[in-house]
Amino acid sequence: MINPKPIKFLGSALEDLRAFPISVRREAGYQLDLVQHGCEPRDWKPMNTVGHGVKEIRIRDETGAFRVLYVAKFANAVYVVHCFQKKTQKTSQADINLAAKRYRDLLKEPT
């Protein structure tokens with residue numbers, strides 16, 4: 001068993017996640033726990049439009065579709081760059097732009 005990586009939330013990602021319905025928050029926490037321990041989440045896809053190594057956890061329940069964008073390629077932490085509820089089939093450009101800006105800002109930080 002590997003030591004889990006800490007999770008660091010960028011920008012308003014933690015507040016956004018806390019605004020999700022409780023069942024979605026629980027599922028997101030479980031999926032992020034898998035990532036912390038070096039596993040893949042159950043339902044995900046790469047989000048290269050945001051940045052290299054960014055992945056999207058996909059969660060769906062009766063209240064809608066929710067997304068948690070994260071990057072786990074760094075040794076020191078799992079970074080959650082953006083959390084949002086999806087309103088349409090296609091991820092909005094505003095959500096992609098916000099996540100991409102947070103990812104670019106993360107790359108500028110000394111690790």
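How many residues lie between β4 and β5 in the hairpin that they form? In this predicted model, the hairpin of β4 and β5 has 6 residues between its two strands. The pairing of β4 with β5 is antiparallel and runs over 7 bridges, and Tyr 70 has Val 80 as its bridge partner in β5. Strand β5 also pairs with β1 (residues 7-9), this time in the parallel sense and over 3 bridges. Here Val 80 turns up again, as the β5 bridge partner of Phe 9. Of the 9 residues of β5, 8 are buried, so the strand is largely enclosed by the rest of the structure.

One of the residues in strand β5 is His 82, which is buried at a relative accessible area of 4%. Its side chain makes a polar contact of 2.8 Å with the side chain of Asp 95. Setting aside neighbours within four places in sequence, His 82 is in contact with Ala 13, Asp 16, Arg 67, Val 68, Leu 69, Asp 95, Leu 98, Ala 99 and Arg 102.

Asp 95 leads on to helix α3, where it is one of the buried residues, along with Ile 96, Ala 99, Ala 100, Arg 102, Tyr 103 and Leu 106. Looking down the axis of α3, these buried residues fall within an arc of 165 degrees, so they line one face of the helix. Ala 94 and Lys 108, on the other side of α3, are exposed. The cover over the buried residues of α3 includes α1 (13-18) and the strands β3 (54-61), β4 (64-71) and β5 (78-86). As for the length of α3 (residues 93-108), its 16 residues should span 22 Å at 1.5 Å a residue, and the 23 Å between its end C-alpha atoms agrees with that.

Turning to the aromatic rings, a search of the whole structure gives 2 aromatic pairs. Phe 20 and Phe 66 make a tilted pair, at 4.8 Å centre to centre and with 55 degrees between the planes. Since Phe 20 sits in the loop between α1 and α2 (22-36) and Phe 66 in strand β4, the pair ties together parts that are 46 residues apart in sequence. Phe 20 is buried at 6% relative accessibility, and Phe 66 is buried with a relative accessible area of 3%. For Phe 74 and Tyr 79, the ring centres are 5.9 Å apart and the planes stand at 80 degrees, so this pair is edge-to-face. Phe 74 and Tyr 79 are both buried.

How values were computed:
Residues are numbered from 1 along each chain as its sequence is written. This is a predicted model: local features need pLDDT of at least 70, side-chain atom pairs count only at pLDDT 80 or more; totals for chains, interfaces and linings use all residues. Side-chain values use heavy atoms; hydrogens and water are left out. Helices (H or I, at least four residues) and strands (E, at least two) are DSSP runs, numbered from the N terminus. The expected span of a helix is 1.5 Å times one less than its number of residues. Buried means under 20% relative accessible area, exposed over 50%, partly exposed in between (1.4 Å probe, protein chains only). The arc is that of the directions from the helix axis to the C-beta atoms. Contact means heavy atoms within 4.5 Å. A polar contact is a pair of N or O atoms within 3.5 Å; within protein, one must be able to donate a hydrogen and the other to accept it, and residues adjacent in sequence count only if both atoms are side-chain atoms. Two strands pair if DSSP finds at least two bridges between them. Rings of Phe, Tyr and Trp (its six-membered ring) pair if their centres lie within 6.5 Å; planes under 30 degrees apart count as stacked, over 60 as edge-to-face and the rest as tilted.
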